[in-house]
Amino acid sequence: MIDLNLPLWCGLISGALSAVAFLPYTYATLKGRCRPQRASWLIWMVLGSISLFSQWVEGAQASLWFAAVQVMGAGLVAILSIRHGAGSFVSRQDGAILTLAGAGLVTYFLTDTAAYALAITIAISALGGVATVIKAFNAPDSEAISAWVAGTVGSFFAILAVIPPVPLLLAYPVYMLGMNGAVVIAILWGRNRRNRSCLPGGIAW
């Protein structure tokens with residue numbers, strides 16, 4: 001019998017989809033059609049690195065492909081956002097968020113439990129993601145929806161890569177599924193609002 005090694009294949013697919021997701025986003029950013037939120041991508045790069053480290057410490061294997069590509073992609077977009085992005089890069093609030101992320105790492109080293117660092121980084125990352133969700137709703141054309149759709153599907157395969165299902169290892173891909181999906185919904189909702197407001201007699205929301 002051929003061993004299909006489902007977790008490994010799901011992990012590879014999730015990593016590949018994540019890489020594909022960053023291609024149109026990077027291209028659109030360079031062409032000026034997409035303006036990534038500077039603060040969000042900086043925060044996601046740092047917190048993604050901590051999440052990757054935390055999952056590795058806790059024994060994640062196949063699902064690490066997804067997390068690793070997310071970190072590299074976020075780092076690339078964060079660099080591009082310096083010139084092509086929107087919003088502040090390191091405000092006082094952003095500094096506070098990164099300080100909290102550092103506190104998560106300190107907590108890990110003091111307790112030798114990566115779960116604390118992972119929980120703190122996911123919680124903070126979710127707060128940072130709100131800025132992009134709001135921007136996607138208010139300016140839907142500033143985001144490449146294909147990138148977020150690919151990220152959503154990639155997150156789903158990353159979840160399938162966690163076998164047996166361990167809540168701690170599922171936390172990051174489940175969070176990414178929710179965040180990517182939220183941005184997709186925000187873009188579609190924002191486009192629908194704009195289109196309705198442009199119809200004869202339409203009322204802007």
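This is a predicted model: local features need pLDDT of at least 70, side-chain atom pairs count only at pLDDT 80 or more; totals for chains, interfaces and linings use all residues.
Helices here are DSSP runs of at least four residues, numbered from the N terminus. In total, the chain holds 7 helices and 0 strands.

A look at the whole chain comes next. Of its 205 residues, 46% are buried. The chain exposes about 10,400 Å², and 72% of this area is supplied by carbon and sulfur atoms. Contacts also tell something about the fold: among those between residues at least 6 apart in sequence, 80% join residues at least 24 apart.

The largest nonpolar core has 27 residues, and the members that touch the most others are Tyr-25, Trp-41, Trp-44, Trp-148, Tyr-172 and Tyr-175. Two or more residues of this core come from each of helix 1 (6–30), helix 2 (38–57), helix 3 (64–84), helix 5 (114–138), helix 6 (145–160) and helix 7 (167–198). The most is given by helix 7, which contributes 8 residues.

Leaving aside residues up to four places away in sequence, Trp-41 touches Phe-22, Tyr-25, Pro-36, Ala-74, Val-77, Ala-78 and Trp-148.

Conventions: Residues are numbered from 1 along each chain as its sequence is written. Side-chain values use heavy atoms; hydrogens and water are left out. Buried means under 20% relative accessible area, exposed over 50%, partly exposed in between (1.4 Å probe, protein chains only). Contact means heavy atoms within 4.5 Å. Accessible areas come from the Shrake-Rupley method with a 1.4 Å probe; for residues, only the protein chains shown count as cover. A nonpolar core is a set of buried Ala, Val, Leu, Ile, Met, Phe, Trp, Tyr and Cys residues joined through side-chain atoms within 4.5 Å.
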